Amino acid sequence: MKFHAAMLGLAACTLTACGGPQASEPDTEILAAVDGPALATAVLTSETAKSTEEEWGTFAEFFAGTTAGTRDLLSGTATIKPGLEIHPPHRHAEEEFLMVLEGQGEWTVGEEVFTANKGDMLYAAPWDLHGVKNTGDTPLTFVFWKWNSNGLPTPPDPLEAAGAE
């Protein structure tokens, strides 16, 4: 599968090896913009997560904020009712991992659609179109982590840059 091969290549890629910025001292301008203290080591429980019931299912925010290496971090779980999705496929500046804990559905990655089964994980690079939809008969629960990295600038939207030329 083309998607799985691309994911393996991405996993082996480091910023320096793939032409990204060299590892160096953190960008103090970016770090200065981070609000509040970073998350200390802690157990984040489902009882303390901020849960909301939505038309499509349940959203539980375990943590939103800053850690030692991230900013704009959002982590939690979502349970999608059969036949629904949280929102159509979308794109954003943050990197994101999503992992199916229960149920089945489909991933959208760019213009392609892949089966999403229990235990499968999706990685979305900044600004890449992605999404998940419950196509099964039971709820689909997934866990997610979405963030920007401390010390690195927020990736610019390539669609905006293309329109500026």
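In what order do the elements of the protein chain run from the N terminus on?

**View 1. Order of the elements in the protein chain.** The model shown is predicted. From the N terminus on, the elements run α-α-β-β-β-β-β-β-β-β-β-α. The secondary structure comes to 3 helices and 9 strands.

**View 2. Burial and surface of the protein chain.** The protein chain has 165 residues, and buried residues make up 32% of them.

**View 3. An open sheet of 3 strands.** The strands follow the order S6-S5-S8, and their pairing is antiparallel. Strand S6 (112-117) and strand S8 (130-134) are the edge strands, each pairing on one side only. On average, neighbouring strands of this sheet are turned by 25° against each other, direction ignored. Strands of a sheet pair through backbone hydrogen bonds, in either a parallel or an antiparallel arrangement.

**View 4. Pairing of strands S5 and S8.** Strand S5 covers residues 104-109 and pairs with S8 in the antiparallel sense. The pairing of S5 and S8 extends over 5 bridges. Which residue in S8 is the bridge partner of Trp 107? The partner is Val 132.

Terms used:
Residues numbered from 1 in each chain as written. Predicted model: local features only at pLDDT ≥ 70, side-chain atom pairs only at ≥ 80, totals over all residues. Heavy atoms only, no water. Helix = DSSP H or I, 4+ residues; strand = E, 2+ residues; numbered from the N terminus. Buried < 20%, exposed > 50% of the residue type's maximum accessible area, 1.4 Å probe, protein only. Areas by Shrake-Rupley, 256 points an atom, 1.4 Å probe, with all protein chains shown as cover. Pairing = 2+ DSSP bridges. Axes fitted to C-alpha atoms, helices over the stretch in contact; angles between N-to-C directions.
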